[in-house]
Amino acid sequence: ALYRAKNTAESCALQLKVLPLVRALFSDVNPIPVKTALNLMGWNAGTVRLPLYETNESNLAHIHQTLKNYSLLPQ
């Protein structure tokens with residue numbers, strides 16, 4: 001909406017603000033990181049189906065920290 005309203009500076013700032021979250025949610029084959037994030041947030045997204053796999057510990061820590069940075073984890 002900001003971009004369409006020709007407010008490109010604020011639109012760019014908003015995009016840059018959420019870029020780490022976008023990168024975390026696309027850090028693996030989808031829907032793996034998205035389901036991981038939803039489960040961490042308390043939503044019951046379940047597990048991924050074969051041939052997909054659960055995310056590794058490093059990626060899990062990255063997604064968890066990113067959600068924490070955006071205050072998206074339950075308190």
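This report describes the helices, the packing and some backbone features of the structure above.

The model is predicted, so that local features need pLDDT of at least 70 and side-chain atom pairs count only at pLDDT 80 or more, while totals for chains, interfaces and linings use all residues. Residues are numbered from 1 along each chain as its sequence is written, and side-chain values use heavy atoms, with hydrogens and water left out.

Helix α1 covers residues 8–25, and its 18 residues reach 24 Å from the first C-alpha to the last, close to the 26 Å expected at 1.5 Å a residue, where the expected span is 1.5 Å times one less than the number of residues. A kink of about 45° lies at L19 in α1, shortly before the proline P20; the bend at a residue is the angle between axes fitted to the seven residues ending there and the seven starting there.

Burial is judged by relative accessible area with a 1.4 Å probe and protein chains only, buried meaning under 20%, exposed over 50%, and partly exposed in between. In α1, S11, L21 and A24 are buried, and the buried residues of this helix pack against α2 and α3. The largest nonpolar core has five residues in all, namely L21, A37, I63, L67 and L73; such a core is a set of buried Ala, Val, Leu, Ile, Met, Phe, Trp, Tyr and Cys residues joined through side-chain atoms within 4.5 Å. Contact means heavy atoms within 4.5 Å, and, leaving aside neighbours within four places in sequence, I63 is in contact with A24, S27, P33, T36, A37 and L40.

T36 lies in helix α2 and is buried, with a relative accessible area of 10%. Its side chain reaches the backbone oxygen of I32 at 2.8 Å, a polar contact being a pair of N or O atoms within 3.5 Å in which, within protein, one must be able to donate a hydrogen and the other to accept it, and residues adjacent in sequence count only if both atoms are side-chain atoms.

Most residues other than glycine have a negative phi, and most peptide bonds are trans.

Terms used: Helix = DSSP H or I, 4+ residues; strand = E, 2+ residues; numbered from the N terminus.
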